[in-house]
Amino acid sequence: MLLNVMEAGQGPPLVLLHGLFGSARNWGAVQKVLSTDYRVVALDLRNHGASPHAPGMDYAAQAADVAETLATLGIERAVVLGHSMGGKAAMMLALMRPELVSRLIIADIAPRPYPPALRAVVAAMQALPLHAGLTRQEADQALRSAVPEAPIRSFLLQNLRFETAPPSWRIGLAEIAAALPEIEDFAPPPSARFEGPALAMAGALSPYIRTEDHPAFRALFPRISFASIPRAGHWLHAENPEGSLAALKEFLAA
């Protein structure tokens with residue numbers, strides 16, 4: 001699958017992969033800063049943003065999408081940065097196609113399965129009554145019981161097109177719902193390793209990367225280093241952009 005691309009800057013290629021329910025646009029501030037030194041390519045993963053919808057979201061398929069898209073862009077090798085779901089896709093790309101990845105950066109996700117914490121959120125999104133005249137305020141209220149955090153509701157509702165009649169989901173919500181077991185999982189290829197430089201950035205306030213995850217990282221990425229971003233949770237590049245960019249730049253300059 002060819003993915004939608006947002007591109008800025010010139011120089012060595014640097015690829016950005018967003019998390020679940022995100023899009024390439026989530027990287028706007030990061031892309032702007034890094035584009036002074038890099039050709040920064042932000043991708044909408046399948047069933048997200050303006051990319052096509054299709055069943056199946058295992059990480060081998062997502063990595064293959066990225067590889068195919070990079071080939072059409074003439075990119076033979078790139079720094080690859082992925083956040084959350086995009087971090088798992090980035091890890092899988094490095095393990096399956098290591099020749100494509102010069103450096104790997106993983107933002108707040110570990111190479112392991114996660115519990116089904118988002119299934120109630122997806123169910124609430126699917127149950128949202130998409131009738132003509134639906135307002136953002138009404139949609140926000142309908143999601144409140146499943147998603148009590150207002151910033152997360154606002155993030156989710158970025159995927160709802162209110163300009164259509166009735167409103168419609170921009171994302172492939174049905175495909176995402178069906179693929180949640182694949183998204184929650186992570187199954188690297190047997191004996192696969194990425195020998196290049198790698199960085200795992202964890203939000204200091206996030207539970208997604210734990211100290212006990214470090215051996216699993218090292219088994220797959222023997223040259224990995226770890227950074228903790230202060231005053232940041234899971235959305236570390238949005239919650240502490242200065243700290244995230246400082247860690248990124250230090251790793252890229254090493």
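**View 1. The loop that holds P166, between β6 and β7.** In this predicted model, P166 has its place in the loop between β6 (160–161) and β7. Helices (H or I, at least four residues) and strands (E, at least two) are DSSP runs, numbered from the N terminus. The peptide bond leading from A165 to P166 is cis, and its omega is near -5°. As background, most peptide bonds are trans. A note on conventions: residues are numbered from 1 along each chain as its sequence is written, and side-chain values use heavy atoms, with hydrogens and water left out. Local features need pLDDT of at least 70 and side-chain atom pairs count only at pLDDT 80 or more, while totals for chains, interfaces and linings use all residues.

**View 2. Helix α4 and its buried residues.** Helix α4 spans residues 119–127, and V121, V122, A124 and M125 are buried there. Buried means under 20% relative accessible area, exposed over 50%, and partly exposed in between (1.4 Å probe, protein chains only). Look down the axis of α4 and its buried residues fall within an arc of 160°, so they line one face of the helix. That arc is the one spanned by the directions from the helix axis to the C-beta atoms. What do the buried residues of α4 pack against? Their partners are α5 (136–143), α6 (150–157), β7 (168–169), α7 (173–178) and α8 (180–184). Contact here means heavy atoms within 4.5 Å.

View 3. Most residues other than glycine have a negative phi. S84 is not a glycine, yet has a positive phi of about 55°. You will find S84 in the loop between β4 (78–83) and α3 (85–96). R231, also a residue other than glycine, has a positive phi near 55°, and lies in the loop between β9 (224–229) and α10 (236–239). Is each of them buried or exposed? S84 is buried, with a relative accessible area of 12%, whereas R231 counts as exposed at 61% relative accessibility.

**View 4. A63 in helix α2.** A63 belongs to helix α2, which covers residues 59–72. With a relative accessible area of 2%, A63 is buried. Leaving aside residues up to four places away in sequence, A63 touches A89, M92, L93 and M96. A63 and R97 are 34 residues apart in sequence, and their C-alpha atoms are 8.5 Å apart in space.

**View 5. I152 in helix α6.** I152 lies in helix α6 and is partly exposed, with a relative accessible area of 26%. Which residues does I152 touch, not counting those up to four places away in sequence? They are V147 and W235. I152 and R218 are 66 residues apart in sequence and 32 Å apart in space, C-alpha to C-alpha.

**View 6. The whole chain, for orientation.** The protein chain has 11 helices and 9 strands, and its C-alpha atoms fill a box of roughly 55 × 40 × 35 Å along the principal axes. Buried residues make up 53% of the 254 residues. Among contacts with a separation of 6 or more, 75% come from residues 24 or more positions apart.
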